[in-house]
Amino acid sequence: MKSILPIGVALAILLVPGLAPGQEFEGVSVCRKCHIDQAESWAQTSHAKAFESLKPKVKAAVKQKGKLDPDKDYTTDAACVGCHTTGFGKPGGFAATTPVSEHKNLAVVGCESCHGAGSTFRVEHGNAEERWKTGKGETARDVLVKLGQNFDYKAACATCHLNYEGSGFAGAHPPFKVFTPALDPKYAFDYDKEVLRSGAGTGVHEHFKLKNVFMGEPVPAIRSQLQADAKDPD
């Protein structure tokens, strides 16, 4: 595998929010240990296959439409990898040296791409659930925020989906994405619409009923809508 150009690191820094001290990306396999239903549903989404689309001859017609070479390997292209992997350029995240055996774990747009690098807050999830189960009450959600969990999903989506000129996203920066509404209206990104769609073929896993282990702010504005039709976990 050829090396990712230095610009890739600069791009990753812009795409991925700063991490708390000691916070690292761990990959889908770690999240899956507890969130089995979510992981199985996510595996059927387009985000789980994002890295595959960078490979030669994959989605050839789409690449040609975007004036990309369908025979080229884009898996080491600095302008692409930041939005097609988890934690690129950050501690524990995808890197040029990541072995193929770890691609299912990090060469995806995984859980931590939306929820934040999990090394510092995942243990608190387990601890909080144990407190809740034993009748010791709910845990304040801001505890997770201090440990680096992200609840601003809209901003997380925007870093990639709205990274083109004229998108209205204040954080848009070069190199801009190729696939924009100017190329095809289907590439317009409506956060509320997209996050409500879930399951196979969409961007996000199916929504499951929450146990109310955590309480208080911050709560995503769209949460009540997501929970209205959410599934009961197995």
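Below is a short briefing, grouped by topic. Keep in mind that the model is predicted. The chain has 12 helices and two strands, and its radius of gyration of 18 Å is close to the 17 Å from the globule rule for 234 residues, so it's as compact as a globular protein of that length.

**Overall build**

- Reading from the N terminus, the order of elements is α-α-α-α-α-α-α-α-β-α-α-α-β-α.
- Of the 234 residues in the chain, 38% are buried.
- The accessible surface is about 12,900 Å², and carbon and sulfur atoms account for 57% of that.
- Take the contacts between residues at least 6 apart in sequence: 62% of them join residues at least 24 apart.

**The annotated stretch**

- UniProt, in an unreviewed entry, lists residues 30-116 as "domain: Cytochrome c-552/4".
- In the model, that stretch is 37% helix and 0% strand.

**Nonpolar cores**

- As a general point, nonpolar side chains in soluble globular proteins tend to be buried together.
- Here, the largest nonpolar core has 16 residues, and the ones with the most contacts inside it are L144, L162, F189, Y191, V195, F214 and I222.
- Two helices, α10 (153-161) and α11 (191-196), each supply at least two residues of this core.
- The largest share, three residues, comes from α10.
- Apart from this core there's another one, of nine residues, including L54, Y74, V81 and F88.
- Which residues does L144 touch, leaving aside neighbours within four places in sequence? They are F121, E124, H125, Q149, F151 and F214; F214, like L144, is among the residues with the most contacts inside the largest core.

**Aromatic pairs**

- The count of aromatic pairs comes to two.
- In the pair F179 and Y187, the ring centres are 5.4 Å apart and the planes are at 50°, so the pair is tilted: stacked would need under 30 degrees, and edge-to-face over 60.
- Are F179 and Y187 buried or exposed? Both are buried.

**P218, in a loop**

- P218 lies in the loop that runs between β2 (214-215) and α12.
- With a relative accessible area of 28%, P218 is partly exposed.
- Leaving out neighbours within four places in sequence, P218 is in contact with R141, V145 and F151; F151 also turns up on the contact list of L144.
- P218 and D152 are 66 residues apart along the chain, yet their C-alpha atoms are separated by 8.5 Å.

**Q227, in a helix**

- Q227 has its place in helix α12, which covers residues 223-228.
- Why does Q227 count as buried? Its relative accessibility is 18%, and buried means under 20%, so Q227 falls in that class.
- Setting aside neighbours within four places in sequence, Q227 is in contact with F208, K209 and L210.

Notes
Residues numbered from 1 in each chain as written. Predicted model: local features only at pLDDT ≥ 70, side-chain atom pairs only at ≥ 80, totals over all residues. Heavy atoms only, no water. UniProt positions renumbered as here; feature names shortened; annotations may be inferred. Helix = DSSP H or I, 4+ residues; strand = E, 2+ residues; numbered from the N terminus. Core = buried A, V, L, I, M, F, W, Y, C linked by side-chain atoms within 4.5 Å. Buried < 20%, exposed > 50% of the residue type's maximum accessible area, 1.4 Å probe, protein only. Contact = heavy atoms within 4.5 Å. Rg over C-alpha atoms; globule rule 2.2 N^0.38 Å. Areas by Shrake-Rupley, 256 points an atom, 1.4 Å probe, with all protein chains shown as cover. Phe/Tyr/Trp six-rings, centres within 6.5 Å; stacked < 30°, edge-to-face > 60°.
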